[in-house]
Amino acid sequence: MPAIGAACLFVGLLAALYAATASLYGVQTGRRALVVSARRAMYALAGLLLLAVAILEVAYARSDFTFALVAENSSTTTPTFYKLTAMWSSQAGSLLLWAVLLSIFSAVVLRATRRRHREIVPYATAVLGGVAAFFLSLMLFYSSPFDVLATPPVEGNGLNPLLRHPAMMIHPPMLYTGYVGFTIPFAFAVGALITRRTGADWIRSTRRYTLVAWSFLGFGIMLGALWSYSELGWGGYWAWDPVENASLMPWLTGTAFLHSIMVQERRGILRVWNVSLIAATFVLSLLGTFLVRSGILDSIHAFGASTLGTPFLIFIGAVVIGSVTLIIARLPDLRSAPWLDSLVSREVVFLLNNLVLVLLCVVIFWGTFFPLISEALSGKRQSVGPPWFNFFGTPLALVLVLLSGIGPAVAWRRATLAGLWRTLTVPVAVVALTLVLLLVLTPAADNVWALAMFCLAAFVVAVVSQELVRGASARRTMTGGSWPAALAGLVSRNRRRYGGFIVHVGIAVLFLGVAASSAFIEQRDVRLAPGQSVELDGYRVTYREPTARILADESDTGAPITLGAVLDVEKDGERFALSPSRNYYTAGDAQSTGAIRRFFEGEATSEVAVRWGLRQDLWTAVRPDIGVLEEAIAKADRQFSDPRFADAQGLIVATIVERYRQQAPPAYFRTLVSPLIAWIWIGGGILLLGALVALWPAPGAADRRLRALYAARVGRELSRA
Amino acid sequence: MDPARKRRLRLFVALSTVVVLAGALVYTSFSAATQASTPSQVTAAAEPGRSYELTGKVVDGSVSARGDELRFAIRDRAGPQSVPVVYAGVVPDPFREGREVIVEGQMRQGTFVAERDSLVTKCPSKFTKETASTRG
């Protein structure tokens, strides 16, 4: 079976190379059939790669350890869900995921545009084929998912325990769908540049794909944050880690792109800016894929150094040089008429939003690569921490939220200050009221930045609500009917507009959660013996008793040993219990670690216990002090290390674990009260909903398209007649 | 104002904004940066008030815990030169004498005062080919 998989990749590489060359040659020589065959080669590529993925997944499901990859990051004891998702925890597997997603995206977009943009599409096909060929060559020549083990081991390595979390297994495909999706608008932009068709055609054909990519990337980032909050035992969701930053950067430029293409569609301007933005977004996506795998920056996410550095850097360099050269060569074609009708217009707000987003991206880029930059400049490797990122990020985020409120309130082309003021009277009044209420009722004044963010969030919600109410009431006077019907009708008539507004509300709500939880978080790290308690923001948390389980991890990660605690929590007469725990995974080899010790010395992960709430979360994590078991472990290692006792080892480990429960030593606890943190996830949900509304095809769109095609054909026939 | 002059002015404003922002980025990052260093480097020459990222091995027999506070010494990867460290916060499970660790903090009167929760243990992991860094 591995041979078939490898053959799929090889034939896939040939198909991708064929698609690239045939479509280029076909369009240059005017042989339409060649271009069509190139498109079909891309369909074939998608089929081949899907087959390759299926072969690999079957191997994972069957724990077929002749596949080196399966032996490396799965095992018979790995739960089925994690077996099936283990593919993308490895380098080779994630390359395959990239390639298969790219081939699916390409096939869909090429099929959708098969009767349109005959000039642009062949070049776009060539770009897509070229990118696919690059990833396929990486797999074939550097890191193959189909390597074979001559002597398959009886048991595999298992999946890295840190990754055993549902969010973590869905997170990579989401991120990758985002990264890969940006290839589509990039490919069409290149096609548009080469053919000098720099109007808005390429934008209209790929807008939907850009939005899909953007939504998936955003969703992936949210899942990553959620994983960090609920799996890594530190209680935060964002650490400005290089790999987190790498995923945020293309999302920021992608957000800028989604706004600035609207300006080009409407007004025909910002052409240079748009092609540059999408090229930057694509390069940042490649960089994001590369950073996770390269190990050039210290990150807890960098799962293993790899050999991919050089080819990846060469490819990224080639894309950068190629894009810059192409854009410079086409500058004369990209010129547009002077454009500023008025400084008060939606175009200007969009331009400002673009500048802020790109600036934020530049800041993050600088901070992320600062270790490399400083080493190059001063010879000393230095790094900047979260305070530095927050110093720049906080004011920029405030400006962004402010702009996301102003944007919907300003008209295209020319608005007047007086008109703007009329639109903003009610929202500004809402902000004033919010400010007064916050100052009187809450301690929000303790943190000026958070206070400002609360007010701006209120502003955005007020602006959008006002727009919805105005639109719906206008619709009601026209068509009659109830308020909900009018609202639904309004949104469905103009999904892009109102979907975008909903996204803005989502962003405001998300930042409300970010500001509140980071400014007003309360944290206590304590060491408690059973019976002792800690007070935190009105909560009284008491350590009732330790827990110790063998092969009975509640979150089903397959951990052999789970040590934990039962906490009794009391607040204002309400009582409940939380049970945080910690999973211990077995270390690799018995020789260097000790036959019994290895059960306690491997990786360990926190299973935090959270009381979720709309007002606040109570978050707890435990770190059992297994020092008390030290003596017992050492003794057991001396007596039972002989392979003769292999069968008894499980029993011995169980006895030692039981001793932990009986001795009940003090344990370390981290407790957090994060106000409004749930609104980060709710805001993310609203954001996604808005994106879905904007994406949903308008009723009758297919109809209209068909009619337009028909009309065009009739027109042709008539002109011939 | 004639259009050419207006354009020049606009270009000038844009360029100076870019220069100011770039300057701010460079200046703040270099002054806020944490420098990677070894025990012998921080004992020899550490500026007071500056943050360092100290990498080295935990000296055998140096670890002692008092309440919430953990005291240990870190020595050079190859060499005996060591520096005492005071630390509070989450201790990663693989933290042990002889292991390689990274900790962030500042030198105060000959002792490296670490920032809360900054301790990271580097340990061999069967899940990664090189070494993995473990937090909390």
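Residues are numbered from 1 along each chain as its sequence is written, while chains are lettered from A and ligands numbered from 1 in the order in which they are written. Because the model is predicted, local features need pLDDT of at least 70 and side-chain atom pairs count only at pLDDT 80 or more, whereas totals for chains, interfaces and linings use all residues.

Let us start with helices in chain A. Helices here are DSSP runs of H or I with at least four residues, strands are runs of E with at least two, and both are numbered from the N terminus. Helix 1 (residues 2–29) of chain A packs on helix 2 (residues 32–61) of chain A at an angle of about 160 degrees, and their axes are 8 Å apart. Axes are lines fitted to C-alpha atoms, for helices over the stretch in contact, and angles run from 0 to 180 degrees between N-to-C directions. That angle makes helix 1 of chain A roughly antiparallel to helix 2 of chain A (angles over 145 degrees count as roughly antiparallel, under 35 as roughly parallel, 65 to 115 as roughly perpendicular and the rest as oblique). The crossing of helix 1 and helix 2 of chain A is left-handed, a term used if the near helix is turned anticlockwise from the far one by less than a right angle. Their contact has 24 nonpolar, five polar and one charged residues. Here Ala, Val, Leu, Ile, Met, Phe, Trp, Tyr, Cys and Pro count as nonpolar, Asp, Glu, Lys and Arg as charged, and the others, Gly among them, as polar.

A second pair is formed by helix 5 (residues 91–112) and helix 6 (residues 120–141) of chain A, which pack at an angle of about 160 degrees with axes 9 Å apart. Helix 5 of chain A is therefore roughly antiparallel to helix 6 of chain A, and the crossing is left-handed. Residues that make the contact include L95(A), W98(A), A99(A) and L102(A) of helix 5 and F135(A) of helix 6. By class, there are 14 nonpolar, three polar and no charged residues.

F135(A) leads us on to the cores. The largest nonpolar core has 186 residues, and F135(A), A457(A), F511(A) and L512(A) have the most contacts inside it. Such a core is a set of buried Ala, Val, Leu, Ile, Met, Phe, Trp, Tyr and Cys residues joined through C-beta atoms within 7 Å. A residue is buried if 20 or more other C-beta atoms, placed from the backbone, lie within 10 Å of its own, exposed if 12 or fewer, and partly exposed in between. Another core, of 20 residues, lies apart from the largest one and has A559(A) and F599(A) among its members.

Now for chain B, which has two helices and nine strands, running α-β-α-β-β-β-β-β-β-β-β from the N terminus. Of its 136 residues, 32% count as buried. One to look at is F112(B) in strand 7 (residues 111–114). F112(B) is buried because 23 other C-beta atoms lie within 10 Å. Beyond its neighbours within four places in sequence, F112(B) is in contact with residues including V42(B), L54(B) and V83(B); contact means C-beta atoms, placed from the backbone, within 7 Å.

Finally, back in chain A, V344(A) lies in the loop between helix 13 (331–334) and helix 14 (346–368). V344(A) counts as partly exposed, with 18 C-beta neighbours inside 10 Å.

Terms used
Contact = placed C-beta atoms within 7 Å.
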